[in-house]
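Subject: Structure handover and notes

Hello,

Please find the structure below. My notes on what was found in it follow.

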Amino acid sequence: MEDKIDYNKHDKDDKNSNYEKICYMCRRPESKTGTMISMPGGIDICPDCIQKTFNSMQSMDMSKLTNMSKINLDDLKNVDLGSFTIPNMNLNPIPERARVKKRDEKRTEPLFTMKDIPAPHKIKEMLDEYVIGQDQAKRIISVAVYNHYKRIFLDKDKEGTRVDKSNILMIGPTGSGKTYLVKTLAKLLNVPLAIADATSLTEAGYIGDDIESVISKLLLSAGNDVERAECGIVFIDEIDKIAKKKNTNSRDVSGESVQQELLKLLEGSKVEVPVGTNQKNVMAPMETVNTDNILFICGGAFPALDDIIKERLQKNTSMGFNSDLKDKYNNDDNLYAKVTNEDIRKFGMIPEFIGRLPVICTLSKLDKEAFKKILIEPKNAILKQYKRLLELDEVELSFDDDAMDWIAEQAMKKDTGARALRSIIEEFMLDIMYETPKDKNIGKVIITRDYLEHKGSPNIVFRNI
């Protein structure tokens, strides 16, 4: 006997669902199409698509279906399909990641209140537990984020005053902590975060990601909850890669054109984005997202920007006893702090784009002491991670001061910032992680500078037997 499957089970389970129904044919949500017509197989079809189907059938030679055009859609909605079953029907329902949560029209309270957003000094204290140094950058970000979420709760006063957005531009050398700072911030505030790479963005119509794909990532991060996504944070990394191309005869589809298309997102606008995917040309539901209350943080290393800054500063050099030397700024690790909007414009960013990022936050290059603190002080410090791994083998791991100095010195030579630390530690920890589990009598391993310089071996302390 042929098995029959109740394909309406999906509909029964979704009666109390928090997700909108999606038209199986046009992929529009119920909030845009009106009441859906539920069909067997767990699919929903909007009235427009059904009407289009009837209209197309009228143009066909269907003499037996002469009364098809007289079907009333309202009557079709009242058809009881509860007991209707279809044998071996293979349908592809809307995937879970492409389903949009319903807007709560009865919501009287906001998603979060000002009590949920800590004061700037509290935000900085939380960042201090994870991010070493960059005190000025953390102060700037803490104040900007706090003010941004305050403006969400401010309604227009009697004079119509409205607080503008304070989007942030982060400038700093590679490995200085730009991305890590934003990730930590979003985690501490418990708000949706989307991290996009500007190098993949292109002008609409060209191979690459459209500008709206940034908002699609944020919507996915918010669990397809549009209201929550509209209060999230978007971090666009490698923003310096979309600077205007110089001396080019071809269309700049990944440079100035991307900057111009980003203007509407940074300023605040309503954009339609596909749900569950970054591509528009697929059969995916489209949802409207308002970017007015989305905080945009753009970050980049801006290579060669230091040369532009030095060129501007060296214009003031002169001859005499009180003159500034031309090489005065060559070894200045805090040179990015002297950046101006004019320097960024000369780098290749258009004035309209710079104007929509009013808060400029600069990060300084890490020094030796900062590297040593990064190794041991953060809650998830690299050395703490390795100590925890060896604790599972009941082995204690420690580093002497000379070894810490050597690791910091090597990291500075690599000139890749904090990212260099893990690659250095992975290299000399390989043998220790391999050999230690062989001998159950090993109780403690002390890493020395001689071992790191390949002049000796680590100090091994055996357990008392």
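Helices (H or I, at least four residues) and strands (E, at least two) are taken here as DSSP runs, numbered from the N terminus. L185 lies in helix α7. This is a predicted model, in which local features need pLDDT of at least 70 and side-chain atom pairs count only at pLDDT 80 or more, while totals for chains, interfaces and linings use all residues. Residues are numbered from 1 along each chain as its sequence is written, and side-chain values use heavy atoms, with hydrogens and water left out.

Overall

The protein has 18 helices and 12 strands. Of its 465 residues, 43% are buried (buried is under 20% relative accessible area, exposed is over 50%, and partly exposed is in between, with a 1.4 Å probe and protein chains only). Among contacts (heavy atoms within 4.5 Å) with a separation of 6 or more, residues 24 or more positions apart account for 68%.

L185 is buried, at a relative accessible area of 1%. Leaving aside residues up to four places away in sequence, L185 touches I123, L127, I141, V145 and I233. Between L185 and M126 there are 8.5 Å from C-alpha to C-alpha, and the two are 59 residues apart in sequence.

The axes of α5 (residues 120-128) and α7 (residues 178-189) come within 10 Å and cross at roughly 120°. Therefore α5 is oblique to α7 (angles under 35 degrees are roughly parallel, over 145 roughly antiparallel, 65 to 115 roughly perpendicular, and the rest oblique). The axes are lines fitted to C-alpha atoms, for helices over the stretch in contact, with angles from 0 to 180 degrees between N-to-C directions. The crossing of α5 past α7 is right-handed, that is, the near helix is turned clockwise from the far one by less than a right angle. On the α5 side the residues involved are I123, M126 and L127, and they meet L181, T184, L185 and L188 of α7. By class this contact has 6 nonpolar residues, 1 polar and no charged ones (Ala, Val, Leu, Ile, Met, Phe, Trp, Tyr, Cys and Pro count as nonpolar, Asp, Glu, Lys and Arg as charged, and the others, Gly among them, as polar).

Aromatic pairs

There are 2 aromatic pairs in the structure. Rings of Phe, Tyr and Trp (its six-membered ring) pair if their centres lie within 6.5 Å; planes under 30 degrees apart are stacked, over 60 edge-to-face, and the rest tilted.

F302 and F347 form a tilted pair, 5.0 Å centre to centre with 55° between the planes. F302 is in the loop between β8 (295-300) and α11 (305-313) and F347 in helix α12 (residues 341-347), so the pair ties together parts 45 residues apart in sequence. F302 is buried at 0% relative accessible area, and F347 is buried at 13%.

The ring centres of F399 and F428 are 6.3 Å apart with planes at 70°, so this pair is edge-to-face. Because F399 lies in strand β10 (residues 396-399) and F428 in helix α17 (residues 419-435), the pair ties together parts 29 residues apart in sequence. F399 is buried at 14%, as is F428 at 9%.

Positive phi

Q134, a residue other than glycine, has a positive phi near 55°. Q134 sits in the loop between α5 and α6 (135-153) and is buried, at 9% relative accessible area. H454, also not a glycine, has a positive phi near 60°. H454 lies in the loop between α18 (449-452) and β12 (459-462) and is exposed, at 71%.

Regards
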